[in-house]
Amino acid sequence: MNVAGPRALVPLIGCLLLVGLGGDGGGVGLVTGSATNRQVSADLARTPPMGWNSWNALGGNVRDSDIRAAADALVRSGMRAAGYRYVIVDDGWMAPTRGGDGRLVADPERFPAGIAALAAYVHARGLQFGLYASPGRTTCQGLPGSFGHETTDAATFAAWGVDYLKYDACGYPDLRPAGTDARRWLIAGFARMRAALDATGRPVVFSINPSSDGDPAAGRAWTWAPRVAHLWRVTNDHAPCWATTEPMDGYPGVCTTDNLDAARAWEPDGGPGRWNDLDMLAIGLTPATANPVVRQLAGLATGTPAASLDDTEARAEMSIWSMLASPLLAGNDLTRMTATTAAILTNPAVLAIDQDPLGAAPIPVPRGDGLLLWTRPLADGDTAVLAVNRGDSPHAATLTGAELALPATAAAGGYRATDLWTGTITTSADGALPLTLAPHAAALLRLTPAGLTPAGRDVRRVPQAQD
Ligand code: GLA
């Protein structure tokens, strides 16, 4: 894919966050199959899905052997034990044409054993298998789309053992008949596949990217997408960089802090079974291991051809995605992962924030000093706090009890703040919490009311498999 200049970003950008376009799909009257069929997938993704996706590392040149190696590495690295369970093959897996029977076919050179055998390999390792498709006539990589083939393709996916489908809008908005409503058309494209998946009887997590074609009709996807999908992209294609500093031709930025900024628009939404998706993690992606499209995107955003996240920034990214209860889909080459990257991806105390069963909405707290601050109530009565120093100098601040929106018990009796990266515990009697953050660092804290200090409440517990 050509990403030589900003114009070329139009097809590249996965999902534009288009705020304020109005309309919310209310009254759209989605038809997603019978009530019985809908029940098939109703209880999936009660916490944000966790796994690995091939796109950031491998791009369109994805191969069976690489996917098997990634599945093995998920197990070996401890990521499976930490909760990462989906192995997702993104765009590029298909042969350029359908088979004579009209069914999708895997590229015979890169997937010589076929998809069912690959899914079986993944399942045999205690993992689940994901695949990519599009509601258009072609995928973002120009391979066969599912338009008009939804029933056949869903049946094929189910027969192959697919547990998770990523459905990218590329190629679909242009098919809209003249005079029809753009939003209804878009939603119907996703709803058709959801109904087809449910009709197979196989539970399949449905992940959509409604604006991968830059379609304004996607608008505020979170207002309609929960009725169709378990997760939906709310950001651009994410690249390994801290902040977008170069003009992106009017498009939203692609770096870590850009995604946090974008989240202010959608924070009241999401919850068990319906998640705002910040895109695959860029943690551990290096210029040598990122696919050229992602690498060039980071270069365009920063003016630095070899952009990547350092370990401090990677911890911040993990903190942000977890605080915002985003799906956690690693995108790095797991076979060439440093011990530090593995430790960042598997920190159980941080994962427990992402996977908190309450799935409550994170709340942005405005401050006048540039510190990015969010709070979120947790299922056991604790409060999660995220503070991010986006700047290039150290930042010292004292957070107040009022800012932290403490529950009454913590407001009255004080609390213990556990730093989930260092394990350091700070006690606050009056609600105030002093913090000093290095440049580009985040603090992710868990506040436990002092009066409730419990034997047996282990904030560093490993999250349980969610569905
Ligand atoms: C879009 C998506 C990416 C990836 C590519 C594949 O850009 O946003 O996540 O799936 O398509 O072509």
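This tour moves from the confidence of the model to its disulfides.

Begin with the whole protein chain, coloured by pLDDT. The model is predicted, and the chain averages a pLDDT of 88, with 88% of the residues scoring at least 70.

Next, display the cysteine side chains; the structure holds two disulfides. Counted along the chain, the bonded cysteines pair in the pattern 1-2, 3-4.

Select Cys140 and Cys170, whose sulfur atoms lie 2.0 Å apart in a disulfide. This link is right-handed, with 95° about the S-S bond. Cys140 sits in the loop between strand 3 (128–133) and helix 7 (150–160), and Cys170 in the loop between strand 4 (164–168) and helix 8 (182–200), so the bond ties together parts 30 residues apart in sequence. With a surface shown, compare the two ends: Cys140 is partly exposed at 22% relative accessibility, whereas Cys170 is buried at 5%.

Finally, select Cys241 and Cys255, which form a disulfide with sulfur atoms 2.1 Å apart. The torsion about their S-S bond is about -90°, so this disulfide is left-handed. Cys241 and Cys255 are 14 residues apart, each in the loop between strand 6 (231–233) and helix 9 (256–262). Cys241 is buried at 1% relative accessibility, and Cys255 is buried at 0%.

Conventions
Residues are numbered from 1 along each chain as its sequence is written. This is a predicted model: local features need pLDDT of at least 70, side-chain atom pairs count only at pLDDT 80 or more; totals for chains, interfaces and linings use all residues. Side-chain values use heavy atoms; hydrogens and water are left out. pLDDT is the predictor's confidence in each residue, from 0 to 100. A disulfide is a pair of cysteine sulfur atoms within 2.5 Å. Helices (H or I, at least four residues) and strands (E, at least two) are DSSP runs, numbered from the N terminus. Buried means under 20% relative accessible area, exposed over 50%, partly exposed in between (1.4 Å probe, protein chains only).
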